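Please look over the structure before reading on.

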Amino acid sequence: MGLYDKFSRFVEERQKFQVSGVNPFGTCIDEIYSATEGRIGDKRIILAGSNNYLGLTFDPEAIKESQEALRQQGTGTTGSRMANGTFGSHLALEQEIAAFFNLPTAIVFSTGYTANLGIISALATPDAVVIIDEDSHASIYDACALGGAQIIRFRHNDAKDLERRMQRLGEKAKDAIIIVEGIYSMLGDVAPLKEIVDIKRRYGGYILVDEAHSFGVMGEKGRGLVEALGVEDDVDIILGTFSKSLAAIGGFAVGGKGLDVLRYCSRPYIFTASPSPASIASVRAALRQVGQSTALREKLWHNAHRLYNGLAELGYKLGERVSPVVPVMIESKEVGLGMWRSLVDKGIYVNLVLPPAAPFGMTLLRCSVNAAHSDEQIDTIIRAFAELKAE
Ligand code: PMP
């Protein structure tokens with residue numbers, strides 16, 4: 001058997017999607033002009049499918065500080081946090097994140113993926129009971145597999161189902177680790193965290209919240225869903241990424257004093273190089289912006305409402321609530337692909353998401369807005385979807 005033979009069905013399937021035009025999976029954005037515009041082939045496009053929620057990728061302060069770090073500290077750390085890859089700026093950022101959350105301890109990782117992998121795998125040992133939302137991000141599933149824990153899944157955003165599973169655990173419930181996300185990346189919906197906190201109060205256990213898509217987006221200060229719902233005292237660890245609202249690359253965990261020990265027990269912390277000084281510097285600049293002003297968040301939510309309402313009026317089937325992530329639900333992969341290509345032709349890039357990346361066998365045209373989109377750009381996106389209806 002050839003080395004790649006087992007992938008032949010997958011290759012055939014992908015080829016069907018690549019008969020003409022641009023490749024929806026790994027689309028090359030040939031040039032990037034701003035947080036909202038780029039070029040694909042010969043088309044100037046509006047970027048309506050990214051995670052750049054606060055639109056900070058071209059923030060002048062972040063760029064300036066990043067360039068300065070590049071000049072002063074070089075292009076990379078060439079080592080892991082545990083060896084030679086912890087610079088003063090990594091520790092300064094950890095302190096700034098901890099202060100931002102009013103918590104004692106933060107740990108910086110190389111990506112959001114490795115933050116989840118590192119923290120969750122260290123806790124999710126074979127003797128642990130881990131209960132996760134069935135629509136959890138791949139990094140959460142992978143972390144549980146790496147740690148060796150047996151996972152229990154509860155129905156997506158269904159607190160009653162979680163409670164039933166906690167009940168069945170009996171005595172063990174008091175040590176259960178419950179993991180949910182703030183905003184879910186594909187459907188844009190949020191975890192019923194108040195109910196989940198109530199379950200924790202009655203049965204015991206611990207709560208971890210991945211705020212990858214809600215950090216900088218929700219809460220008065222931008223700390224995420226946990227802040228927005230006022231349940232900060234009831235959540236044990238918050239996980240996050242630098243690759244979305246903070247517009248760079250890296251990840252973090254923040255929590256109580258005890259969290260610090262996980263550095264020494266986390267393979268994805270120990271065995272990978274730390275984030276580059278340039279990335280750390282731009283994150284520090286972006287974090288200051290998240291904390292200092294609510295203007296970006298207000299603009300983001302204005303844009304979210306504008307796009308959601310515009311697409312809803314056209315009769316598209318959308319996610320259940322207004323969110324910066326606006327999934328347009330499509331009846332089949334083939335229709336989804338045709339619409340995606342047509343949108344690129346009209347100068348709009350959105351994410352085409354198929355199962356298993358899209359949950360529950362769905363095909364999604366995942367649109368997302370950011371704080372840098374203008375009203376005109378949002379209206380152009382809506383117009384393109386209106387033309388698709390007409391076609
Ligand atoms: N958690 C969630 C919920 C995510 O959606 C993602 C990325 N899409 C990650 C973690 C991983 O973050 P990163 O891309 O920074 O590795």
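The model is a predicted one, in which local features need pLDDT of at least 70 and side-chain atom pairs count only at pLDDT 80 or more, while totals for chains, interfaces and linings use all residues. Residues are numbered from 1 along each chain as its sequence is written.

Thr-27 is placed in the loop between α1 (8–16) and β1, where helices (H or I, at least four residues) and strands (E, at least two) are DSSP runs numbered from the N terminus. Not counting residues up to four places away in sequence, Thr-27 touches Val-22 and Ile-40; contact here requires C-beta atoms, placed from the backbone, to lie within 7 Å. Thr-111 belongs to the loop between β4 (105–109) and α4 (112–123), and with 18 other C-beta atoms within 10 Å Thr-111 is likewise partly exposed. Leaving aside neighbours within four places in sequence, the contacts of Thr-111 are Ser-243, Ile-249, Gly-250 and Gly-251.

| Residue pair | Separation along the chain | C-alpha separation |
|---|---|---|
| Thr-27 and Gly-336 | 309 residues | 16 Å |
| Thr-111 and Phe-25 | 86 residues | 21 Å |

## Two open sheets

An open sheet of four strands, with mixed pairing, has the order β1-β2-β3-β12, and two strands are taken to pair if DSSP finds at least two bridges between them. Its edge strands are β1 (31–32) and β12 (348–349), each of which pairs on one side only. Within this sheet, strand β2 (residues 37–40) and strand β3 (residues 43–47) run antiparallel and are joined by four bridges, and Glu-37 has Ile-46 in β3 as its bridge partner.

Another open sheet consists of three strands in the order β11-β14-β13, with antiparallel pairing. Because β11 (325–330) and β13 (351–353) stand at the edges with a single partner strand each, one side of each is left without a neighbour in the sheet. From one strand to the next the twist averages 25°, with axes taken as lines fitted to C-alpha atoms (for helices over the stretch in contact) and angles running from 0 to 180 degrees between N-to-C directions.

How many of the six residues of β14 are buried? Six of the six are buried, and both faces are covered, with Thr-363, Leu-365 and Cys-367 on one side and Leu-364, Arg-366 and Ser-368 on the other. In a regular strand the side chains alternate between the two faces of the sheet.

The domain assignment, whose bounds come from an automatic or database source, gives domain 1 (8–47 + 294–390) and domain 2 (60–292). The centres of domain 1 and domain 2, taken over C-alpha atoms, are separated by 27 Å. Their contact takes 16 residues from domain 1 and 12 residues from domain 2. On the side of domain 1 that touches domain 2, the elements giving two or more residues are α11 (295–313), β11 and β14.

The largest nonpolar core has 118 residues, of which Val-130, Ala-286, Leu-307 and Ile-381 touch the most other members; such a core is a set of buried Ala, Val, Leu, Ile, Met, Phe, Trp, Tyr and Cys residues joined through C-beta atoms within 7 Å. Helix α10 (residues 277–292) provides the largest share of this core, eight residues, and at least three residues come from each of domain 1 and domain 2. Beyond its neighbours within four places in sequence, Ala-286 is in contact with Leu-56, Asp-59, Ala-62, Leu-246, Ala-247 and Ala-248.

Definitions and conventions:
A residue is buried if 20 or more other C-beta atoms lie within 10 Å of its own, exposed if 12 or fewer, and partly exposed in between; C-beta atoms are placed from the backbone. Two residues are in contact if their C-beta atoms, placed from the backbone, lie within 7 Å.
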